[in-house]
Amino acid sequence: MEMNESQHWNIHGNEELNKSSVSVRGTLNLISTYLNTDDHRPVIAFGRADPSSYPSFRTSSSIVEALVDAVQSRNFNSYPSTQGVLSARRALAEYYSRGLPYQLSSDEVFITTGCTQAIEVIISVLASPGANILLPRPAYPHYEARANFGRLEVRNFDLIPEKSWEVDLEAVKALADNNTVAIVIINPNNPCGSVYTYQHLKEIAETARKLGIFVISDEVYAHMVFGKKPFVPMGEFGSIAPVLTLGSLSKKWSVPGWRLGWILTTDPNGILKKHGIVESIQNYKDISPDPPTCIQGAVPQILAKTSDEFVSGLLDLLRTNGDILYEKINEIPCFTCPNKPEGSMLSMVKLNLEQLEGITDDVDFCSKVAKEESVLILPGVAVGLKNWLRFSFGMERCSIEDGVARLKSFYLRHKLH
């Protein structure tokens, strides 16, 4: 049947979603359209923080065996509790309690479909009329995208590169008001590769307490540190100000495709429960999809049997790669990397446009370097910092060296004469 062109349809897309859809994947997909299909060199994917496909970063056999055992047990074929499989929640509570001055219970753990869903849950819980949230700049962009979609006002505070990307606490105090509900920190940091000290985290908690807000601590890269600073969980300071801790299997265990994350209420004084946050999280989870039950079922064995050798090997690779990227990238005049990465697998690099001819901004740079050199980099504007670049060094060493050599060639062609 032919359609009449004059037919009226009451159909339209969600404009709010279109406005708020800045994402790492979306930005990289856009930059990828500039790749030259006639260039047969392998693409160097500095923009992707997913090393799991590289042989040196593949997950260990014990982690795979844990999932196989969970499937073969046939104990995880049913719908789970919306809070998550009890054995997984117990294991996570025990695992995290080792680094805290208090004991977590399984009731304080919510299993999510990756940390991405954990962010969605928390932002949705907080998105009441008039409320605002304090987000770092630069930051993982999913926080701001979800807040914009949920009409939760965003107020950005800067991270200070000259102070190893620490939080500008004076700016935080100036931004907050009686409608501010929470502050987000990411430690170890995505996208900066920094690690916060015990003292700085304590100051963040004390600031949150004075402002009457709680801390959302994104610890997806927990324990993935390889500099001089140890990892300190924000939950250490849960008695000063309430903390929601977010985590996942993706990074430390190198299985991002398994899509399993969690929310922990690291709040020994019960403030989040008293003020309805915990109930709202549970109610939101009741109407949300769950991660596969078999993956949840594998969590206790994964946490118990992941070897120290696997983790230390991963950190050794990242330390070496981070050092190489830092040293080599700073040899190219159009780049400045202010801090050697100390954690995660990421680093922020300043783009010195005054050294280049015919490059207008970070997006233009990334588009042209993709086309000319088959190097894929995330422009800083995607993480809130225009004319910077986010690099991942979670890849083979030879790929980093090849990628930096191509960037040097690009610079020599485009340098200002």
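Me: How many bridges join S8 to strand S9, and do they run parallel or antiparallel?

Reply: Two strands pair if DSSP finds at least two bridges between them, and strands themselves are DSSP runs (E, at least two residues), numbered from the N terminus, as are helices (H or I, at least four). Here 6 bridges join S8 to strand S9 (residues 261-266), and the two run antiparallel, with Trp262 in S9 as the bridge partner of Gly247. This is a predicted model, in which local features need pLDDT of at least 70 and side-chain atom pairs count only at pLDDT 80 or more, while totals for chains, interfaces and linings use all residues. Residues are numbered from 1 along each chain as its sequence is written, and side-chain values use heavy atoms, leaving out hydrogens and water.

Me: Which strand is joined to S8 by 4 bridges?

Reply: That strand is S7 (residues 214-218), which runs parallel to S8, and Val215 stands opposite Val243 in S8.

Me: Are the faces of S8 covered or open?

Reply: In a regular strand the side chains alternate between the two faces of the sheet. In S8 (residues 243-248), 6 of its 6 residues are buried, where buried means under 20% relative accessible area, exposed over 50%, and partly exposed in between, with a 1.4 Å probe and protein chains only. Val243, Thr245 and Gly247 lie on one side, and Leu244, Leu246 and Ser248 on the other.

Me: What does Phe365 touch?

Reply: Contact means heavy atoms within 4.5 Å. Leaving aside residues up to four places away in sequence, Phe365 touches Phe335, Leu351, Leu356, Ile359, Ile377, Leu389, Leu407 and Phe410.
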